[in-house]
Amino acid sequence: MSPASGLLAPDLSAPHDLRELPSAPVTVSSPDKTLTIVTADAQDDRWAAHYLADAIEETCGHRPDILVEYKGQTCSRKEGLFIGDVSPNHGWTCALTNESAEAFRVVAEKGSVHYVGKADFAVFDWCERVLGMRCYPGCGKSVVRCGEIVVPPSDYSDRPVVAHRQLGDGSRFWTRLSRAGSSHRGRVRVHQPSGWVTNETLRSIHPGI
């Protein structure tokens, strides 16, 4: 799978930053071996771990094991799929978090894939770009099946285009799918002022409403 067909798929916007790396491709899953998922002990990261396991199983039929690194523990694995604030991700940062609390980074090299920053967004984005998975809330999922998953060595970062954004249906799944910025300053209504119907002056000026 090449970056041209995956990371830069024509139906997806290009990542904010993307670098191809000179190391060997990463074998995520093959008939002989599937990388273990190691996740931080956080609700969003745990969700991402199970979503990633489902995605890999649906793609190639092999389900990875999931390990949780609790605080005070240190993961000894040298290779794996590392999600969030786990020891194999220490030292990996996402520069775009200075611009957005929802920024994320995915690095695939040296036999591992690292999901850092907003890790659940990173996992969802990677499943779209690299596995070719597409999700349609309420309708289902499109999966590209293959015998093994071998991904190109790469380092990419992205962030929501709109930082202050609240999606209408409030669905956490839809928020992840859209990589929506949610670090806004509370509920901001843009279509009409809150409580306009009780404002007699507005009602008299705009009787058509």
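Here is a short walk through the aromatic rings of this structure. The model is a predicted one, and it holds 4 aromatic pairs. A pair of aromatic rings is described by the distance of the centres and the angle of the planes, so keep both in mind as you look.

Start with W47 and Y51, whose rings lie 5.1 Å apart from centre to centre, with 15 degrees between the planes. This pair counts as stacked because its angle is under 30 degrees. Are they buried or exposed? W47 is partly exposed, with a relative accessible area of 24%, while Y51 is buried, at 7%.

Now turn to Y115 and W126. Their ring centres are 5.7 Å apart and their planes meet at 90 degrees, so this pair is edge-to-face. The pair links distant parts of the chain: Y115 lies in strand β7 (residues 112-117) and W126 in helix α2 (residues 119-129), 11 residues apart. Y115 is buried, with a relative accessible area of 0%, and W126 is also buried, with 2%.

Together with F124, W47 and Y51 form one aromatic cluster.

Which residue places its charged end over the ring of F121? That residue is K118, and its charged end sits 4.5 Å from the centre of the F121 ring.

Technical notes: Residues are numbered from 1 along each chain as its sequence is written. This is a predicted model: local features need pLDDT of at least 70, side-chain atom pairs count only at pLDDT 80 or more; totals for chains, interfaces and linings use all residues. Side-chain values use heavy atoms; hydrogens and water are left out. Rings of Phe, Tyr and Trp (its six-membered ring) pair if their centres lie within 6.5 Å; planes under 30 degrees apart count as stacked, over 60 as edge-to-face and the rest as tilted. Buried means under 20% relative accessible area, exposed over 50%, partly exposed in between (1.4 Å probe, protein chains only). Helices (H or I, at least four residues) and strands (E, at least two) are DSSP runs, numbered from the N terminus. A charge sits over a ring if NZ of Lys or CZ of Arg is within 6 Å of the ring centre and within 35 degrees of the ring normal.
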